[in-house]
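Got a two-chain model open and want to find your way around it? Here are some questions to work through with the structure in view.

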Amino acid sequence: MYKKRKLGRGVAMVGAGMSSFDMFSDKDSKDLFAEAFVELNTSVDKGLDPADIDALYLGNFTNDFFVRQSHWGAILSDSLGLVPKPATRTEGACASSALAFREGVFAIASGFYDVVLVGGVEDMSKRSTEEVAEGLALAASPYERKAGLTFPGVFAAIATAYFEKYGASREHLMNVTIKSHANAPLNPKAQFNLAIRDMMDAKVKRAKSQGRAVPDWIDEKDFLRDARANPPIAWPMHLFDCCPISDGAACILLVAEEIANRFTDDPLHVVGLGQGSGRALHSADDLTYFEATRHAAKEAYDMSGLTPEDVQFAEVHDCFSIAEILHIEDLGFFKPGEGHKAVEEGLTRLDGPMPVNTSGGLKCKGHPVGATGAAQLIEVWEQLRDKAGRRGVPKSDLRIGAAHNLGGTGGTCTFTILERR
Amino acid sequence: MAEKPINDYGFEQFLNEGKLMGSMCNGCETLYVPPRSLCPGCRHSEMEWTETAGEGRLAAFTSISIGTPAMIKEGYDRNNPYCSGVVELVEGARVVARIEGVDSIHPETVEVGMRLRVKFLNQGTDDDRGTVLAFSPIEE
């Protein structure tokens, strides 16, 4: 029976840190998580004594495959000097660290722990692109792999079903990409930090200096339509519809609300938590939404007493451009079938009424899969705590932000709402 | 016909014989393709093999330029993409499959909703994937 959820006691977010996201040939998961932890330490207003950390919950999708090493909870606990405190790894494909966040919240809400470190890490770039795709596809169904469906292929198929049902087109996907790339230059941590226009200008300049034929794109969409500049991956999706391969780590300090003032006078409160499961592509009840996201959203809204209108901005799991359109509908920000129009009208831009993926999203910020859920919540932290600099959401009284994380092809989805009081 | 286990192993054995089979739940009469040994709807575990008509319509598809390792090995690449998709069978169940006989270089010519008939790829070869489920357009 469905029941409205609540926490046994309140939980607050009092610190956060993330590594750079990029492809690093000379950094491993220990280095990246250490980088994130050092930043977290400086983010705790009144300081953190690491000896006070009761436990670590760590999200990691498949370093087992990417670097042939598992058991990352214990390994990172050791490298941070947290031994012999307990460390637990969570896995939910690309939603692994949102699950770590939830486990940390539950551990505190139950009264068992007071101070918990949660986060995630992934080290993807040590393998070829084909191998990375193979690793990620471990989260798809065996039927999909056998049918030749790659991860981008599954989302591309979803796009064609969405196009057919709602009359959208590839041009609408381009609007998502252009918007993400507009936010990215404002994020110093983004893996890709150029707006599409800047990228075009750079290519024109290079062609001129090398005496090659100068491209004559008339605008950003013209550039994205050019298959030489933006080659197909899985039609209707091209390279710029897909997130990159990234290495990175992110971590968050959670504490019991009642002791939050030992760490800061300005904590964020965990007010809404939701998680859902979904089916494989062929058995989904509809190809144009994610059942797991809708369930996660319902749980989080019910728990918080908030509605989609109350959420002032959100990070959503844009592993592929079409995904962002589905999520902003599933989360209730826009009606089913209206998401692509909302992006076209600029409603999700940084200066729009509902900014989405102010960080540049997975597309530009980068997507080290096991770290992404935590990194999304860190963007919410930076926005709500007024630390987002030039990409700060231009709204007065910014109070409520949310993050949506998706694993696999929608098998695991979470939605988390944070509030600054 | 020897009894085949009602699961993915049995499904694969039928594909090798050129049959697209599903499991019909004895409890609620829902058809599952591929088969399931437990009905997720009514939790009955008594299932019966049912042969499908092998016809359906295209519900969603893609033309893939950067393929899975097995497809790359078959020679598919950026210059030679292949189509895969979701097919809604006339019985109502949906399956994922390769889509053959369409112009994968010009995927904009492929129409969602088009009628398709099953075909079996690599049947009887020693491909370690076994027989691969595919569909191709029914000429109208």
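Q: In which hand does α1(A) pass α3(A)?
A: This is a predicted model, so we are reading geometry from a prediction. Helix α1 (residues 29–43) of chain A packs on helix α3 (residues 72–79) of chain A, with their axes 10 Å apart. The crossing of α1(A) past α3(A) is right-handed.

Q: Are α1(A) and α3(A) parallel, perpendicular or oblique to each other?
A: The angle between α1(A) and α3(A) is about 60°. Angles of 65 to 115 degrees would count as roughly perpendicular, and those under 35 degrees as roughly parallel. That makes α1(A) and α3(A) oblique.

Q: Which residues of α3(A) meet α1(A), and how does the contact split by class?
A: On the α1(A) side you'll find S29(A), K30(A), F33(A) and A34(A). Their counterparts in α3(A) are W72(A), I75(A), L76(A) and S79(A). By class, this contact has one charged, two polar and five nonpolar residues.

Q: Which strands are at the edges of the nine-strand sheet of chain A?
A: The sheet is open, its pairing is mixed, and its order is β3-β2-β4-β7-β1-β8-β11-β10-β9. An edge strand pairs on one side only. Here that picks out β3 (87–90) and β9 (313–315) of chain A.

Q: Which residue is the bridge partner of L273(A) in β11(A)?
A: Start with strand β8 (residues 268–277) of chain A, which pairs with strand β11 (residues 412–420) of chain A. The two are antiparallel and share nine bridges. For L273(A), the partner in β11(A) is T416(A).

Q: What angle does the direction of α3(A) make with that of β3(A)?
A: α1(A) lies across β1 (11–18), β4 (115–123) and β7 (247–256) of chain A, at about 40° to β7(A). α3(A) packs on the sheet and touches β2 (55–59), β3 and β4 of chain A. Its angle to β3(A) is about 135°.

Q: Which element gives the largest share of the side of chain B that touches chain A?
A: Chain B brings 29 residues to the contact and chain A brings 27 residues. Elements of chain B that give two or more residues to this side are β4 (55–64), α2 (69–73), β5 (82–89), β6 (94–99) and β8 (132–137). The largest share, six residues, belongs to β4(B).

Q: What is the bridge partner of W235(A) in β4(B)?
A: Look at strand β5 (residues 232–235) of chain A, which pairs with β4(B) in the antiparallel sense over two bridges. In β4(B), W235(A) is bridged to S63(B).

Q: Which element supplies the largest share of the side of domain 1 of chain B that touches domain 2 of chain B?
A: The domain assignment of chain B gives domain 1 (8–51) and domain 2 (55–137), and 22 Å separate their centres. Nine residues of domain 1 and 11 residues of domain 2 make the contact. On the domain 1 side, α1 (8–16) and β2 (31–32) of chain B each supply at least two residues. The largest share, three residues, comes from α1(B).

Notes: Residues are numbered from 1 along each chain as its sequence is written. Chains are lettered from A and ligands numbered from 1 in the order in which they are written. This is a predicted model: local features need pLDDT of at least 70, side-chain atom pairs count only at pLDDT 80 or more; totals for chains, interfaces and linings use all residues. Two residues are in contact if their C-beta atoms, placed from the backbone, lie within 7 Å. Helices (H or I, at least four residues) and strands (E, at least two) are DSSP runs, numbered from the N terminus. Two strands pair if DSSP finds at least two bridges between them. Domain bounds come from an automatic or database domain assignment. Axes are lines fitted to C-alpha atoms, for helices over the stretch in contact, and angles run from 0 to 180 degrees between N-to-C directions. Angles under 35 degrees count as roughly parallel, over 145 as roughly antiparallel, 65 to 115 as roughly perpendicular and the rest as oblique. A crossing is left-handed if the near helix is turned anticlockwise from the far one by less than a right angle, and right-handed if clockwise. Ala, Val, Leu, Ile, Met, Phe, Trp, Tyr, Cys and Pro count as nonpolar, Asp, Glu, Lys and Arg as charged, and the others, Gly among them, as polar.
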